[in-house]
Amino acid sequence: MPPRVFPGAAPENPYSLIFGPAVRLSLDHAHSAVVIVDPHRFACDPAYGLGTVVPDRAAVAAARYYERVRSAVSNIVRLLEACRSWRLPLAFVRTAAARPDGRDLSPQVRALGRIPVAGGPDAEILPELAPMPGDLVLNKPGSGVCTGTGLDERLRYMGVQTVVLAGGSYDGGLERSVRSLTDRGYGVVLVPDACATFDDQLQRNLWNMESGIINVLATADVIGALRGPERAGVGESAGGPLVS
Amino acid sequence: MRTGIESPFRRPESSLAPVLEGERAALLVVDMQYFDAHGEWGEGKTARGLRVLHAFDEYFTQLAEVIPRIQSLLAVSGGKGVEVIHVRVAELTNDSRDAGLKQLVRGLAVPKDSKEAQLLDEVRAIDDEIVISKSSSGPFATSNLDRILRNLGIDTLIVVGTSTAGCVESTASDAVDLGYTVIVAADACACSTRRSHAQALGRMAAASVLVASTDELRSRLDDLPPWTDSRAAASPGQSATCRRGFSQGPRRKTLTA
């Protein structure tokens with residue numbers, strides 16, 4: 001299992017001295033859901049979308065991002081398989097426009113220089129992660145999963161209190177999603193080895209985000225928690241909070 | 001401003017590219033209140049009680065540097081038509097029954113009439129300035145700030161306050177997704193440590209937030225023409241500092257027949 005706290009990755013966080021450890025979130029099919037961020041070719045396949053507009057100076061950084069994506073995808077496959085077997089609702093939330101000119105996207109996404117259009121090749125979810133009947137597939141206009149998607153309402157209708165979060169983060173969308181989900185009162189189980197970010201430091205920081213109603217767990221631990229005899233009490237305090 | 005975190009998918013933003021128009025901009029002052037920005041109250045008091053206040057030395061040192069810079073931006077905003085909006089952590093009740101879960105689990109209740117809910121004297125709200133109460137890190141999930149900004153015709157936000165990696169970053173992140181042009185005045189924000197401050201600025205810069213210095217912003221604001229509300233000026237008893245007051249700003253349609 002990867003270490004939860006990388007030496008030197010996080011500054012000593014004084015808030016950890018005055019706040020208690022993170023709440024231990026539990027997972028069950030009635031109150032939990034899995035949300036996968038940007039699992040589409042636009043964000044995850046170097047031959048499509050963002051991969052086609054990387055400037056030369058960023059080629060190395062982009063290649064490292066796609067390596068992380070490959071590694072994350074294999075863990076997302078395991079995660080989805082386990083969560084499907086426990087009947088957790090699954091939601092795929094991807095950046096995608098309805099209009100080919102992208103006018104219905106946020107200005108910042110539009111500025112990326114490539115428009116993923118729903119129904120087009122960029123918006124297609126990677127075949128190994130392909131949604132199944134009953135899964136939610138939502139299009140987001142911005143970076144985080146809450147703004148402009150209706151995800152919050154869907155989760156509430158389903159009675160979901162805890163979200164297992166993983167996926168790609170080509171623009172900080174995962175971190176933004178952690179913030180916006182917890183601001184809305186959802187517990188978040190973040191699965192860093194099923195996440196891919198564009199920067200080494202950001203990738204390490206994912207392991208240090210446990211605090212408050214955020215738990216940080218490796219894929220194997222989430223699966224273990226689902227399979228465990230009690231299926232409650234996943235997560236334990238580690239690292240300092242990023243969100244203070 | 002270089003921050004060490006760069007996205008291969010974003011063009012680097014080097015300057016305040018957008019045109020800054022006073023009446024389309026708001027200065028958001030985040031969480032500059034007794035709860036989290038004063039050594040004698042709220043979190044500071046808790047830290048003192050647990051004898052760990054020394055761990056916050058770096059934070060309070062930054063805060064002391066930040067306050068005059070926020071004051072400097074506050075001083076110039078009104079005269080340029082920039083809407084000043086104070087955002088604070090506070091419940092709408094005194095028994096905190098409306099607190100958000102994220103706040104509650106850490107014991108972060110801030111009753112509406114508590115000392116902790118009050119803005120610091122140095123940067124308190126004056127005249128008719130708007131104060132938004134939230135029970136979350138970013139204000140957009142638990143307040144009507146987005147709607148109010150649209151009512152005001154504002155599309156550009158200047159964000160200052162505390163903490164850089166906490167509520168400032170949450171505010172800026174959500175605002176970008178909501179379509180605002182977001183400028184963070186880096187040296188008018190404070191964080192638990194200088195290192196986490198720098199990391200947060202890096203994350204924001206890589207996610208389409210413009211990071212500037214107070215001096216840069218001041219000179220941009222100083223260059224703007226003075227903002228005058230003709231109706232407020234014409235109306236006896238209304239001061240020019242009552243910027244939009246009850247009258248309509250120039251970018252608003254007049255509703256009177």
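**Entry 1: chain B as a whole**

I started with burial in chain B: of its 257 residues, 51% count as buried. I kept in mind that this is a predicted model. Next I looked up the secondary structure of chain B and found nine helices and six strands. I also checked contacts in chain B between residues at least 6 apart in sequence, and 74% of them join residues at least 24 apart.

**Entry 2: the sheet of chain B**

In what order do the six strands of chain B lie in the sheet? I read the order as 3-2-1-4-5-6, in an open sheet with parallel pairing. Strand 3 (130-134) and strand 6 (210-212) of chain B are at the edges; each has a single partner strand, so one side of each has no neighbour in the sheet. On average, neighbouring strands of this sheet are turned by 25° against each other, direction ignored.

I then zoomed in on one pair. Strand 1 (residues 25-30) and strand 2 (residues 83-89) of chain B run parallel and are joined by five bridges. Here I found B:Val30 opposite B:Val87, which belongs to strand 2 of chain B.

**Entry 3: helices across the sheet**

Helix 6 of chain B lies across strand 1, strand 2, strand 4 (156-162) and strand 5 (181-190), and it runs at about 170° to strand 5 of chain B. Helix 8 (residues 214-223) of chain B lies across strand 4, strand 5 and strand 6, at about 130° to strand 5 of chain B.

**Entry 4: where the chains meet**

I found 41 residues of chain B in contact with 42 residues of chain A. Helix 6 of chain B gives the largest share of the side of chain B that touches chain A, seven residues. I sorted the residues on that side of chain B into 17 nonpolar, 16 polar and eight charged.

**Entry 5: one serine**

I picked B:Ser170, which sits in helix 6 of chain B. Is B:Ser170 buried or exposed? I call B:Ser170 buried because it has 27 C-beta neighbours inside 10 Å, and the cut-off for buried is 20 or more. Leaving out residues up to four places away in sequence, B:Ser170 touches A:Arg179, A:Asp183, B:Ser137 and B:Gly138.

**Entry 6: a helix in chain A**

Last, I tested the length of helix 3 (residues 59-85) of chain A. At 1.5 Å a residue, its 27 residues should span 39 Å, and the end C-alpha atoms are 39 Å apart, so the two agree. Its buried residues include A:Tyr65, A:Val69 and A:Leu80. Among the elements covering the buried residues of this helix are strand 1 (32-37) and helix 8 (219-227) of chain A.

Technical notes: Residues are numbered from 1 along each chain as its sequence is written. Chains are lettered from A and ligands numbered from 1 in the order in which they are written. This is a predicted model: local features need pLDDT of at least 70, side-chain atom pairs count only at pLDDT 80 or more; totals for chains, interfaces and linings use all residues. Helices (H or I, at least four residues) and strands (E, at least two) are DSSP runs, numbered from the N terminus. The expected span of a helix is 1.5 Å times one less than its number of residues. A residue is buried if 20 or more other C-beta atoms lie within 10 Å of its own, exposed if 12 or fewer, and partly exposed in between; C-beta atoms are placed from the backbone. Two residues are in contact if their C-beta atoms, placed from the backbone, lie within 7 Å. Ala, Val, Leu, Ile, Met, Phe, Trp, Tyr, Cys and Pro count as nonpolar, Asp, Glu, Lys and Arg as charged, and the others, Gly among them, as polar. Two strands pair if DSSP finds at least two bridges between them. Axes are lines fitted to C-alpha atoms, for helices over the stretch in contact, and angles run from 0 to 180 degrees between N-to-C directions.
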